[in-house]
Each structure stands twice: as structure tokens, then as C-alpha cells.
Amino acid sequence: VPLEDVTYPKMENIKSVLERRIPQVLPPNPTEETRRTYCVAVRVRNGPKITKEEVADVVRTASGGGHRVRLVGADVLVVVEVLMNVCGVAVVEREPLACNDFSLRKLQNRLVPLEESKEAGAKKRGRGRTR
């Protein structure tokens with residue numbers, strides 16, 4: 001996931017980052033035409049307990065309400081990753097080419113056919129095919 005900000009894993013720091021990022025993609029007080037959907041993903045590994053509900057409350061407040069939560073196929077994905085004493089935050093808009101799970105391998109396979117990537121890898125390792 002392309003993390004946009006790195007901070008300490010404290011809720012007040014995460015809130016500060018989200019309050020700066022969220023209004024850029026989820027404008028406050030949306031009309032029916034500008035209303036968007038969002039999904040919140042929180043993953044904590046060996047760090048302080050931060051819940052998805054806490055982050056969702058910050059997103060709802062920062063966006064001024066009015067936007068809808070959608071777990072699958074949302075317009076905006078809010079990601080908070082905590083690993084020990086580091087926290088990464090990203091607010092990612094859905095793009096036509098992006099994969100839902102942000103797999104770089106899947107994205108590469110869409111852009112470069114598999115056989116071409118295998119041949120390029122073999123040439124890099126000095127095992128180019130001779131025909």
C-alpha cells in the first residue's frame with residue numbers, strides 16, 4: 001500500500017494526519033452528486049491498540065459526515081498500518097487500473113504479459129533462450 005504519511009502510533013497523531021488528508025478526497029458537507037463511499041482498513045502488529053472504530057470516527061468527523069461506508073468497491077480507502085512504534089497512513093482513491101488488494105505483482109501482470117516478464121528475468125540472470 002502506498003503510505004503517504006508516517007507518524008507515531010498515537011491516536012492524536014493519526015487524527016492530525018487524517019484531518020489534513022481526508023478533506024482532500026472526501027469534501028465536507030457533500031451534495032447527492034459529490035457524495036462518495038469509503039472503507040477503513042486498520043492493521044496493528046506488535047503495537048498499541050488502535051481500533052477500526054476510532055479511525056472510522058475520525059474519518060467521519062474530518063469529512064463532515066454525509067459520505068457512506070462501503071466495504072467492497074469503495075471510492076476511497078483509508079489505510080492505517082501500525083508496526084511496533086511506527087504508524088503509516090494512506091488515503092487512496094480508487095483508480096481504474098489499481099487492484100483492490102494493491103498487489104504489485106498483479107498490477108505488473110496486467111501491464112506486462114507473463115511470458116515477456118519471464119524472458120526479461122531470464123536475460124537478467126544470464127539464462128537467455130536461444131532459438
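Accessible areas come from the Shrake-Rupley method with a 1.4 Å probe, and for residues only the protein chains shown count as cover.

## Basis of the report

The model is predicted: local features need pLDDT of at least 70, side-chain atom pairs count only at pLDDT 80 or more, and totals for chains, interfaces and linings use all residues. Residues are numbered from 1 along each chain as its sequence is written, and side-chain values use heavy atoms, with hydrogens and water left out.

## Overall architecture

The protein chain contains four helices and five strands. Along the sequence these elements follow the pattern β-α-β-α-β-β-β-α-α. Helices (H or I, at least four residues) and strands (E, at least two) are DSSP runs, numbered from the N terminus.

The protein chain has 131 residues, of which 32% count as buried. Buried means under 20% relative accessible area, exposed means over 50%, and partly exposed lies in between (1.4 Å probe, protein chains only). Among contacts in the protein chain with a separation of 6 or more, 69% come from residues 24 or more positions apart; a contact means heavy atoms within 4.5 Å.

Helix 2 spans residues 52–62, and its buried residues are V55, A56, V58, V59 and A62. Seen down the axis of helix 2, these buried residues fall within an arc of 160°, so they line one face of the helix. The arc is that of the directions from the helix axis to the C-beta atoms.

Which parts of the chain do the buried residues of helix 2 pack against? They pack against helix 1 (11–25), strand 2 (37–45) and strand 4 (76–83). On the other side of helix 2, E53 and T61 are exposed. Helix 2 is followed by G64, which has a positive phi near 75°.

## Strand 5 and its partners

Strand 5 covers residues 86–93 and is mostly covered, with six of its eight residues buried. Two strands pair if DSSP finds at least two bridges between them. Strand 1 (residues 5–7) pairs with strand 5 in the antiparallel sense over three bridges, and here D5 stands opposite V89 in strand 5.

Strand 4 also pairs with strand 5 in the antiparallel sense, over eight bridges. In this pairing V82 stands opposite C87 in strand 5. The hairpin of strand 4 and strand 5 has two residues between the strands, and M84 takes a positive phi near 55° there.

## A nonpolar surface patch

V69, L71 and V72 make a nonpolar surface patch of about 330 Å². Patches are made of residues with over 30% relative accessible area and no salt bridge; like charges are joined within 9 Å, and nonpolar side chains (Val, Leu, Ile, Met, Phe, Trp, Tyr) within 5 Å. L71 sits in the loop between strand 3 (68–69) and strand 4. L71 counts as exposed because its relative accessibility is 61%.

## Salt bridges

Side chains of opposite charge can pair when their charged atoms come close. A salt bridge is a side-chain nitrogen of Lys or Arg within 4 Å of a carboxyl oxygen of Asp or Glu. A search of the whole structure finds eight salt bridges. One of them joins E4 and R21, with the closest N and O atoms 3.9 Å apart. This pair links distant parts of the chain, since E4 is in the segment before strand 1 and R21 is in helix 1, 17 residues apart. E4 is partly exposed at 36% relative accessibility, and R21 is partly exposed at 22%.

The side chains of R20 and D5 also meet in a salt bridge, at 3.1 Å from N to O. R20 lies in helix 1 and D5 in strand 1, 15 residues apart. Is D5 buried or exposed? D5 is buried, with a relative accessible area of 14%, whereas R20 is partly exposed at 43%.

E93 and R36 form a further salt bridge, their closest N and O atoms being 3.1 Å apart. E93 lies in strand 5 and R36 in the loop between helix 1 and strand 2, so the pair ties together parts that are 57 residues apart in sequence. E93 is partly exposed at 38% relative accessibility, and R36 is partly exposed with a relative accessible area of 21%. Salt bridges that share partners join E4, D5, R20 and R21 into one network.
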